Amino acid sequence: MFLRLTRPAPPAPETRALALADGGAVPVRWVRDRRARRLRLIVSDKGARLTLPMTASVRLAESFLLEHRDWLVAQLAKQPAADAPAFGRGQCEPLPLRGEQVPLSWHEGRFARARLGEHGIELHLPERADDRRARAALREFYLEQARADLGAWVPKYLPTLPRAPMAFRLRPLSSLWGSLSPSDALSLDLALVLGRPSAFEYVLVHELCHLIHANHSRRFWREVEARCPAWRDERDYLRGEGLALKGTLARLIR
C-alpha cells in the first residue's frame with residue numbers, strides 16, 4: 001500500500017513536432033500511461049496523440065511516428081475544415097446514413113422532427129425554428145436509427161453471453177468507438193450509424209465480448225472472430241474512415 005501511494009506520477013504530457021516530408025510539421029501530444037502495453041497513435045478533433053508505455057524509449061517512439069507518418073497525414077486531411085459551416089436550415093446536400101448518402105428534403109411542420117421517408121430523410125421544422133432546432137432534430141434521428149440497429153443485432157448475441165449489458169448509451173465519443181464500464185454499461189459512438197453497418201456491428205460485438213473477457217487476450221479475440229469473422233476488415237475500415245465519420249457527425253449535430 002505504501003509503495004503504491006508513493007509511486008512517482010507519470011510525466012506530464014508534452015507536445016512534440018513531427019517533421020513531414022514536405023518540410024512542414026504536425027504537433028503530436030505525447031502521453032505516458034501506466035496501463036499502456038504498446039505504442040498507440042490516434043487522431044481526434046483535438047489533434048494527434050501518442051500514448052506510450054512508461055518504459056518506452058524516446059527513440060522507439062520517434063521511429064514509430066516516422067513509420068506511421070503517412071497514415072497520420074492522411075487522417076488529418078480527413079478532418080473537416082475549422083471554418084466548415086454547421087448544419088442548418090436549407091442545406092440540400094445528402095446526409096450520411098449506414099454508409100450511404102441519403103437525399104434530404106425540408107418540410108414545414110408543427111414540431112422539429114426528422115424521419116426516414118420513401119425518398120430519403122425528411123426534416124420537418126416550424127417556420128420560426130432556428131438552426132439549433134434542426135441540429136437537435138437530426139441528432140434525435142440518428143439516435144433512433146442507431147437504436148433500431150442495436151435492436152436488430154443485440155438479441156442474436158445475448159444467448160452466447162454470460163450476462164446482458166446493464167445499459168446501452170449512444171453519444172459522440174472523442175477517440176474511442178465503444179467501451180464497457182465496470183458496471184457493464186455499454187457505450188457506443190453515435191457516429192457509427194453514419195458508416196457501413198458491418199463496422200457498427202463489429203464494434204458492438206467487440207464490446208459485448210468484453211462481458212466474457214475484460215481484456216484483449218487471444219481468448220478475447222477468438223470470441224470476437226467467432227461472432228464476426230471479418231473483424232479485421234471492419235477495424236481497418238474504421239481506422240481509415242473513422243475520423244471523417246466523427247468529424248461529419250460533429251458538424252451535423254453540434
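Colleague: Leaving aside neighbours within four places in sequence, what is E108 in contact with?

Modeller: E108 touches H124, L125 and E127, where contact means heavy atoms within 4.5 Å. One caution: this is a predicted model, in which local features need pLDDT of at least 70 and side-chain atom pairs count only at pLDDT 80 or more, while totals for chains, interfaces and linings use all residues. Residues are numbered from 1 along each chain as its sequence is written, and side-chain values use heavy atoms, with hydrogens and water left out.

Colleague: Good to know. Is E108 buried or exposed?

Modeller: E108 counts as exposed because its relative accessibility is 61%. The cut-offs are under 20% relative accessible area for buried, over 50% for exposed, and partly exposed in between, using a 1.4 Å probe and protein chains only.

Colleague: And which strand is E108 found in?

Modeller: Strand β7, residues 104-108. Helices (H or I, at least four residues) and strands (E, at least two) are DSSP runs, numbered from the N terminus. The chain has 7 helices and 12 strands.

Colleague: Switching to the sheets: how do β1 and β2 run?

Modeller: β1 (residues 14-19) and β2 (residues 25-32) run antiparallel, joined by 6 bridges. A17 has P27 in β2 as its bridge partner. β2 also pairs with β4 (residues 47-52), in the parallel sense and over 5 bridges; there, V31 is partnered by T51 in β4. Two strands pair if DSSP finds at least two bridges between them.

Colleague: What's the order in the open sheet of 3 strands?

Modeller: The order is β10-β12-β11, and the pairing is mixed. β10 (167-171) and β11 (178-180) stand at the edges with a single partner strand each, so one side of each has no neighbour in the sheet. On average, neighbouring strands of this sheet are turned by 15 degrees against each other, direction ignored.

Colleague: Which helix packs on the sheet?

Modeller: Helix α5 (residues 197-209), which touches β10, β11 and β12. The direction of α5 makes about 155 degrees with that of β12. Axes here are lines fitted to C-alpha atoms, for helices over the stretch in contact, and angles run from 0 to 180 degrees between N-to-C directions.

Colleague: How do α4 and α5 sit relative to each other?

Modeller: The axes of α4 and α5 come within 11 Å and cross at roughly 50 degrees. The two helices are therefore oblique to each other; under 35 degrees would be roughly parallel, over 145 roughly antiparallel, 65 to 115 roughly perpendicular, and the rest is oblique. Among the residues that meet are L150 and W153 in α4, with F200 and L204 in α5.

Colleague: Now the largest nonpolar core. Which residues touch the most other members?

Modeller: Y142, L188 and F200, out of 50 residues in that core. α4 gives the most to this core, with 11 residues. A nonpolar core is a set of buried Ala, Val, Leu, Ile, Met, Phe, Trp, Tyr and Cys residues joined through side-chain atoms within 4.5 Å. Leaving aside neighbours within four places in sequence, the contacts of L188 include L150, W177, F200 and V203. A second, separate core has 17 residues, including L18, V43, L50 and L65.

Colleague: Last one: how much of the chain counts as buried?

Modeller: 41% of the 254 residues. The C-alpha trace spans about 65 × 55 × 35 Å along its principal axes.
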